[in-house]
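Please read the following note with the structure open beside it.

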Amino acid sequence: MLGAGPVPRDVPFAELGGSSLDAGRVCARLSAALGRAVPISALYARPTAHGLAGWLAGREPEGTDAGDDGRDPVRDDGRVPLTPMQTGYLTDHLLTPEDRSAHCLLLFRIDGDLDLDALDAAVEAVHARHEVLRSAYLPSPEPVAVPGDHPAPVLEVLDPEPGTEEAVRVLRETLGEPLALTGGETWRTALVPLDGEGPAPAWVFACVVHHIAFDGWSESVLAADLATAYATARTGVRPVLPPAPTAAAAARLRAARRAGADTGRALAERVAELTGVPPLVWPAPLTGPDPAATEVRRTGIPLAADAAERLDEAARRSGTTRYAVLLALYGQVLAAVTGQDDFAVGVPVAQRHDLALESAVGCHIDMACLRLRGEVLDGGPASVAAAGRILGRAFAAQDAPFHELVRALNPPRTGRPPLFQTLLVLQDNTPPTLPLDGLTTTLLRPPYLDLPLEAHTELWPLPDGGLLLTVSHRPAAVPDHTARELAKRLADLVHTLPLPVRQDPRRTQGPA
């Protein structure tokens, strides 16, 4: 899994280089091998091979269909209860239909003779494969997904545009319209021909999927399914993809995982750590707020070619992960920019605890709240290790849903996001690719349509192996100069991390 050969029995998972996604893959494979749920929280609470093996040996196998109370979570009529994250997305959608912060955009430029009929057939095949894309999402009497045969989105071919930038702008406007979740419309597709970029045909293809049925992992799954179905349709055969796990199957997997976790203890520990966490207070704008500034803005800085090497060396020296290094640095930047010495940062947590979910589109995430104060902010040699401990506690308690944590803490209602106002994300999901037969495709990453928080700081992999640092922000909440300062300070700190010490090859040679 980690490419490190035999695993020492008493070395913590993070010291072996394991990330949170790696932890999910380990637990998914253990679940498949043992025939029972192995929560990721169990690995973080017992992070060595010896500790996890001891926990597994002392556990009685649970059934795979029962929830915390021993009952099947799926209703007799086939309705599937939503996760707390999905319930939040549905509530926000119903209260503010025009909110676009849960619209997940996926765009590709396509160069070559695109077969529109084959692409349309591919969209239908993907829709048929993933039940979550053809379900309705209803709020009462309790929030549920209702699987059905709602029609696939029509591939809408828009008017030609002279260039990629203009096409992306039109697609953002078109796909930013509200989706009808209660009517079974969870996603939309559109295509813009380009008529001003040379004699060869070119297009920009885009789809938008609501977060209630989608997450970052889903991007590569959906793109790969589209490519597979497109190739089949090009042969004249109607594409039929193997079915993905149903919403009911995913709900039963979640229930089995929760049955094997001590969620009450996890929630109590998180409440104890996070009680009283203050909100971030951003610096005032230099020229006064601009009430017309509603579009999300993004600052991007390509990091130096050796940035990944520097991050990994810092992680190795501290016995933790690349994300822990970023968390410590970002905390120090936030402290310097805001003048605060106590605040929280959020991070999405993948919860694909079973191998079956690895090839499924869906919303399989929750949020973790990371409180930063004390040693992690001082910039000293132990700050990265302190960040690793903060992460370990949060991930060990991830079976306590974030929305339950918010209810338990009951922070003041101020109109701002509760507990944390910024995310720090290491985008280490498999990047989506769309390998269409005979065509050249390029992934496009325009700014988000909207943000659920005030600032998102992310580190993206680039095709050449480099890293791109971006800070997306709501200009009404975070001034432009503050976003630029966050990005520059964080990039500067990464670039000052030491590189690995390389041994002089002359020293390893024997005497002449």
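Strands, like helices, are DSSP runs numbered from the N terminus, and a strand here has at least two residues. A residue lines a cavity if it has an atom within 4 Å of one of the cavity's grid points. The model under discussion is predicted.

1. Rolling a probe the size of a water molecule over the atoms shows where empty space is left. In this model, 3 cavities of 30 Å³ or more are counted.

2. The second largest cavity. Its volume is about 100 Å³. Of the 13 residues that line this cavity, Met367, Ala368, Ala397, Gln398 and Ala400 are nearest its centre. Strand 10 (365–373) and helix 13 are the elements that give two or more residues to this lining. Which of them gives the most to the lining? Strand 10 does, with 4 residues. By class, the lining has 10 nonpolar, 1 polar and 2 charged residues.

3. The largest cavity. This cavity has a volume of about 150 Å³. It is lined by 19 residues, and those nearest its centre are Val132, Ala247, Ala250, Arg254 and His364. Two or more lining residues come from each of strand 1 (80–81) and helix 8 (247–259), and helix 8 provides the largest share, 3 residues. The lining comprises 13 nonpolar, 5 polar and 1 charged residues.

4. Salt bridges in general. Side chains of opposite charge can pair when their charged atoms come close. A search of the whole structure gives 30 salt bridges.

5. Glu295 and Arg172. These side chains form a salt bridge with an N to O distance of 3.4 Å. Glu295 lies in the loop between helix 9 (263–274) and strand 8 (297–302), whereas Arg172 lies in helix 6 (residues 164–175), so the pair ties together parts that are 123 residues apart in sequence. Glu295 is partly exposed at 42% relative accessibility, while Arg172 is buried at 13%. Both belong to a network of salt bridges that also includes Arg100.

6. Arg393 and Glu273. The closest N and O atoms of this salt bridge are 2.9 Å apart. Because Arg393 lies in helix 12 (residues 383–396) and Glu273 in helix 9, the pair ties together parts that are 120 residues apart in sequence. Is Glu273 buried or partly exposed? Glu273 counts as buried, because its relative accessibility of 14% is under 20%. Arg393, at 40%, is partly exposed.

7. Glu454 and Arg416. In this salt bridge the closest N and O atoms are 2.7 Å apart. The two residues are 38 residues apart and link distant parts of the chain. Glu454 is buried, with a relative accessible area of 5%, and Arg416 is partly exposed, at 29%.

Notes. Residues numbered from 1 in each chain as written. Predicted model: local features only at pLDDT ≥ 70, side-chain atom pairs only at ≥ 80, totals over all residues. Heavy atoms only, no water. Salt bridge = Lys/Arg side-chain N within 4 Å of Asp/Glu carboxyl O. Buried < 20%, exposed > 50% of the residue type's maximum accessible area, 1.4 Å probe, protein only. 1 Å grid on protein atoms, 1.4 Å probe; cavity = no way out; pocket = protein on both sides within 12 Å on 5 of 7 lines; lining within 4 Å. Points joined across faces, edges and corners; volume = space filled by probe spheres on them. Nonpolar A, V, L, I, M, F, W, Y, C, P; charged D, E, K, R; others polar.
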